[in-house]
Amino acid sequence: MHRSEMEKIITKSPTVFIIGAGLSTASGIQDFASLQANFDTSALLSREAYYQHYWEQHDFMVKYLMNQTAQPNIGHQWIADLSHHQGIKVISQNIDNLLEQAHINADNLLKIHGSIDHFIDRNGQPVSMSETEYQYLPHTEDNLMILPDIVFYGENVKGMDQALSWMQTAKNVVIVGTRLNVAPVNQLTLWAKKLEHIFVVNQEPVHPLQNNVPVTQITTDISDWLQN
């Protein structure tokens, strides 16, 4: 299926994109699968590590989760452009800010795992700080334990009610760069009672938890597909 064929369908009726790490790897962002091969990410990115190993967690996030030189690729730009069409929503599992850099319609974007470039204190209150300032926080005893506003392992995702509301009106779902094998995101399609079609753009086939609607599998990288 060519992009123009899909666009004709998804711009005519309510559509929800579900985005994963495969969208951003072409921009130099490491996915969690590759990090898990070398690190115990479930331990490093936990609330327990935040309280007990703050600086170890801090240094890991700075080195491996923050990429201040990354730029949006053609996939980010495509989705960002489509987000300005009425009825198109985007649920992203990614914590990077590449969709924002591509000027996505912020009203139509839900980042359920938070944002690596937004910061909070130990009480969950917003802190005005750049990634560079976070990187060079002084190692002092009066440390305020500032952290990126992201979802740690074992915690509830952000905005689930909003995600379910979008899904309930969706007639199309477009899955990009994710195997859709982690709860609760993999259950979202079950809430799409008006769903007519699922499109998958991923390097390997994805089998959504919804077996009564057609699924179009485009088994390639999003950037390669868009450039064809």
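Reading the terms in a predicted model

An open sheet of 3 strands runs in the order β5-β4-β6 with antiparallel pairing. Its edge strands are β5 (126-127) and β6 (147-150), each of which pairs on one side only. The model is predicted.

Q: What makes β4 and β5 count as paired strands?
A: Two strands pair if there are at least two bridges between them. Strand β4 (residues 114-120) and β5 have 2 bridges, in the antiparallel sense, so the pair meets the cut-off. Within this region, Phe119 stands opposite Val127 in β5.

Q: How do you know that β7 and β8 pair, and in which sense, parallel or antiparallel?
A: 5 bridges join β7 to β8, and the cut-off is at least two, so they count as paired. The two strands run parallel. One of the bridges sets Ile175 against its partner Val200 in β8.

Q: Which strand is joined to β8 by 5 bridges besides β7?
A: Strand β9 (residues 215-219) is joined to β8 by 5 bridges, and these strands run parallel. Asn202 has Thr219 in β9 as its bridge partner.

Q: Why is β8 called largely enclosed?
A: Buried means under 20% relative accessible area. In β8, 6 of the 6 residues are buried, so the strand is largely enclosed by the rest of the structure. His197, Phe199 and Val201 point one way, while Ile198, Val200 and Asn202 point the other way, and all are buried.

Q: Is Leu180 called buried or exposed, and why?
A: Its relative accessibility is 9%. The cut-off for buried is under 20%, so Leu180 counts as buried. Leu180 is found in the loop between β7 and β8, and its phi is near 55 degrees, a positive value in a residue other than glycine.

Q: Why is His103 called exposed?
A: Exposed means over 50% relative accessible area. His103 has 59%, so it is exposed. The residue is found in the loop between α7 (98-101) and β3 (109-111). Phi of His103 is near 70 degrees, again a positive value in a residue other than glycine.

Q: Why is Gly87 called partly exposed?
A: Partly exposed covers values between the buried limit of 20% and the exposed limit of 50%. Gly87 has a relative accessible area of 27%, so it is partly exposed. Gly87 lies in the loop between α6 (74-82) and β2 (88-92).

Q: What makes Ser13 a contact of Gly87?
A: Contact means heavy atoms within 4.5 Å. Gly87 touches Ser13, Pro14 and Thr15, not counting residues up to four places away in sequence. Glu141, by contrast, is 50 Å from Gly87 in space, C-alpha to C-alpha, and 54 residues away in sequence.

Q: How do you know that the radius of gyration agrees with a compact globule?
A: For 228 residues, a compact globule would have a radius near 17 Å; the chain has 18 Å, which agrees. Its C-alpha atoms fill a box of roughly 60 × 35 × 30 Å along the principal axes. Of the 228 residues, 47% count as buried.

Definitions and conventions. Residues numbered from 1 in each chain as written. Predicted model: local features only at pLDDT ≥ 70, side-chain atom pairs only at ≥ 80, totals over all residues. Heavy atoms only, no water. Rg over C-alpha atoms; globule rule 2.2 N^0.38 Å. Buried < 20%, exposed > 50% of the residue type's maximum accessible area, 1.4 Å probe, protein only. Helix = DSSP H or I, 4+ residues; strand = E, 2+ residues; numbered from the N terminus.
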